[in-house]
Each structure stands twice: as C-alpha cells, then as structure tokens.
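Morning, everyone. Please put the model up on the screen, and we'll walk through how its parts pack.

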Amino acid sequence: MHTHMRKISKFDLFRLYLRSFFVQTGWAYERMIAFGFLWILIPLTKKLFSSMQEQRDFLKRHLLSFNANPYLASYALGAVTKLEENKTPPQQIIRFKDMLRGPLGALGDNLIWQNLRPALLILGLILTDRFGVYGVLSFWLIFNLHQVYLRARGMVKGYALGLGVSSDLARGYLQNMTKWSGRMGAVLLGILFVLKLNQMRIQPLQLEKFIFLFLFILLSFVSFKRNKNPNYTILILLAFFLLMKAVVGLI
Amino acid sequence: MIQELILISIFGGLVALDRTEAYQTMLSQPLLIGPVVGFVLGDLPGGLTIGILFQLAYLWVMPIGTASFPDPAVGTVVGSSGFILLNRLFPDRSNLILLLILLFGILFSLFAGWTLIKQRELNSKLLMKADLYAERVKITRLGHLLFWGLSGSFLRGFVIVASGILCILILLKPLVRLLSFISELYLQNVELPIWGLGIGTMVYLFGRSKNLLWCVWGVCLGMIFVFF
C-alpha cells in the first residue's frame, strides 16, 4: 500500500482557507479557475500521497477545468479535501467537481453579484451622502466581514459534509441570504430615491430636473430590459442630455 | 508629480489584482477607488465625486464566468486622477472636465476590459506550464506560477493607469483649452444622466414585482429620514 490515512488538521484547513483568497489567480478561458484551485490544494499533495505517481495524478486531476464563484469556491475546496483524505476514487472526485460547478456558479453569482454587492453599494451611497468617506468604509467593512465569513463557512461545511455539501447549497443560509439581500436592496433603493429627490428639491429649477431624472431612469431601465449594451446607454444618455441642453436649454 | 503618478499607478496595479486575481475585497469598486485616489492626490471630495459617478455608471458590471466586460476599476483610477489633476490646472472648468473625464473613463474602461481578455488568454500559457510541472511533480515551481499570474495582473493595472494618466495630460489638457468657448452653465448637472442610469440599474436589479412592497417600505423610510 502506497498511501497512509492521514488526518487533515485544523491548521491545514486554515491554510487552505487563507489560500482560497487566490482562487481566481491564473484564470484562463479553457479551464477557468483550475490553476487557482490546484494552487490552493498544493499543501495536501505530500500530506496525503507518498508515491510520485499518486502525487502526479492528484495534481493533474485538479488541473482539469473547473469554475465557481470565487466567494463560494471554498465549499468545493472543503469537500474535495475531505474526499481526497478519504481516498475516494479519482473518477468520483472529478464527477463531483463537475456536478458542483453549476450550483456554485449560479448561486454565487446570484447572491454576490446580483443581490448583495449592489444592495451594499446602495447602502454605501446612502451613507456616503450622510457621512462622507465613512460611508464608503462602512460598505467595504460590511462586505468583507461577510465574505470572510462566507469563505470560512464554505470550507468548514464542505469539509464536514463532503459529498453531501450540495444539500447545504440547496437550502438554508445561501438561499436566505440571497432572498434577504434582494429585499434589502429594494428597501435601500426606495430610501436612496427619496433622498436624491429631496436633494434636488432644495436646488433651483427642480421640476425640470425631476422630469429629466425620471426620463433617464426610464430610458436606462428599458435599455436593460431590452438587453442593450449599457456602454451605449451611457453614451446615449450623455448625448441626449447635451442635446436637451442645447435645444431646450432646460435642466 | 512623478511621485504621485507612481503611487497612483501602484494603486492601479493593486486594484487590477483585486478585480480579478486575488482577494476580491471590493477595493476595485469605483466607490472605494475614488476616495483613495483623492486622498493620495490631496482632493478627497473630488475623488469621492468621481467614485460615486463611476459606481453609478457601472453598477451593472458583473464579472461572471467567461463573459467579457469593461474594467471600470482601472477606468476609475485613471478618471479620478485625471479629474483631480485637470481641476488643479483649470479650477473654473469643473463641469467641462467632469464631462470629458466621464467620456474618457468610459472609453478607457472598455480598453481596460479588452486588456483583461488578453491577459486571460496569456494565462493559458501559465496553465500549459502548470501541466508540465504537474507531470514532473515540481510542486515548488507550481507555486512560483502563482507569482507570475499575480505579477501579470499587477503590471496590467500599473501600465494602463500610468499610460491613461499620461494620455489625459497630453490629450485632455489641450482639449479643455480648445473647448473653452462652451459655457460652464451649459454643462451644469452633467451628472444627472449618470444618476438616472445608476437608479435605472437599481430598479432593474431590485424593482421586481415580488420586491415592490419592500421598495414602498424604503420610500416610506426615506420620507421619515427626510421629514424628521
């Protein structure tokens, strides 16, 4: 027998956790985060495998194509660590990683990029309006406290559940977090909108500005609904603004 | 001036790292970039203004999977630096400078996004090296590849920011002089379309029918803040 059953210590998991912040390094179109994923697992190579052949196979199988949202990749890392420690057959590990790709990408993108990040940014904008640069710092601090927790949670849950990690993804924390981030974003949008209108109310020529702000919001919204390239939308809005200024002299 | 340029370019490199390669702490969000640049160049309010506007303009950018997207992070470093530097030279032309910086920043974000694609294509070579080292079980060398990946990204940010600021000083400085016939009054409220775009993006993201009640709650809360 070439291999020895060695337990992964808490310190090992902590090391992998710290390394997980580099999961996107070397991102390439063919295999996406494969390199970052392998780099994080490197400390396990000699710890879990003694023969050169086993080490080679381990390194090569984790260089296969893989992708996940960077903040949720630790779920896969924890689970794969557990499977490697238990000497799960390599083909099963590869299949397991393939299976996780979809949920980790979709859930993470929905939670982080579409809900949490914009919601916290709106909060940051509101706080910046009131407290200046401290508002910006609050956004940064809140987001990072959560991301540090999320990555740690992923590592711990992944390692504890192994093959069953998908059950944690399907219910509980991530789903609730996504739902409540969306709601928080909606509430904050309402607050920001009123604050912006109030800010304009105390300036002269408010009626024209109200009308044009609504028009710009409407144009942007329709452009997003119709999947138009937002880069063009920005330019069109600016051109429209200058044209209105020239023709009507308003705003 | 050169010292400032180097400092801002180093910051550009760090921002590029945070954007795609490491940590993802959101240091690469324009809302954070603006004040940092403002602090370094001694104009915190100016940096904050540009940071907020770029954030609103690029709230829609989501670096998801293999999608190609602009890189507003590097664009904001360049834009806010340019805004502050040009404002020093032409303190009474802030609206014109703001408009030019917005246009330049948008174009530059697109260019920076293109360089990101190229960098990711280059990363394929890194992967090929990794394959080789994995085959030979050269674990230390595999570790070194991370350094090269990070260096490539840092350099991308550093070079683009440095060249962007130089572009602004070479191209936009004479352009501000050239466009001196445009009155400042004409360009007043140029930030309004960007606010419209930002709020439009938020409505698109959060204004779904299931969230409508929560939006109404927000409006009520906002009114309470305003009136009390």
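**A helix pair across two chains**

Start with a crossing: α2(A) and α5(B) cross in a left-handed way. Left-handed means that the near helix is turned anticlockwise from the far one by less than a right angle; clockwise would be right-handed. Helices here are DSSP runs (H or I, at least four residues), numbered from the N terminus.

This is a predicted model: local features need pLDDT of at least 70, side-chain atom pairs count only at pLDDT 80 or more, and totals for chains, interfaces and linings use all residues. Residues are numbered from 1 along each chain as its sequence is written, with chains lettered from A and ligands numbered from 1 in the order in which they are written.

Now the geometry. α2 of chain A, residues 34–48, packs against α5(B) at about 40°, and the axes are 10 Å apart. Axes are lines fitted to C-alpha atoms over the stretch in contact, and angles run from 0 to 180 degrees between N-to-C directions. So α2(A) is oblique to α5(B). Oblique is what remains after under 35 degrees (roughly parallel), over 145 (roughly antiparallel) and 65 to 115 (roughly perpendicular).

Who touches whom? α2(A) brings A34(A), F35(A) and L38(A), and α5(B) brings L126(B), L127(B) and A130(B). Contact means C-beta atoms, placed from the backbone, within 7 Å.

Zoom out. Chain B gives 73 residues to the contact between the chains, and chain A gives 72. Several helices of chain B supply at least two residues each, among them α1 (2–21) and α6 (139–178).

Definitions and conventions
Contact = placed C-beta atoms within 7 Å.
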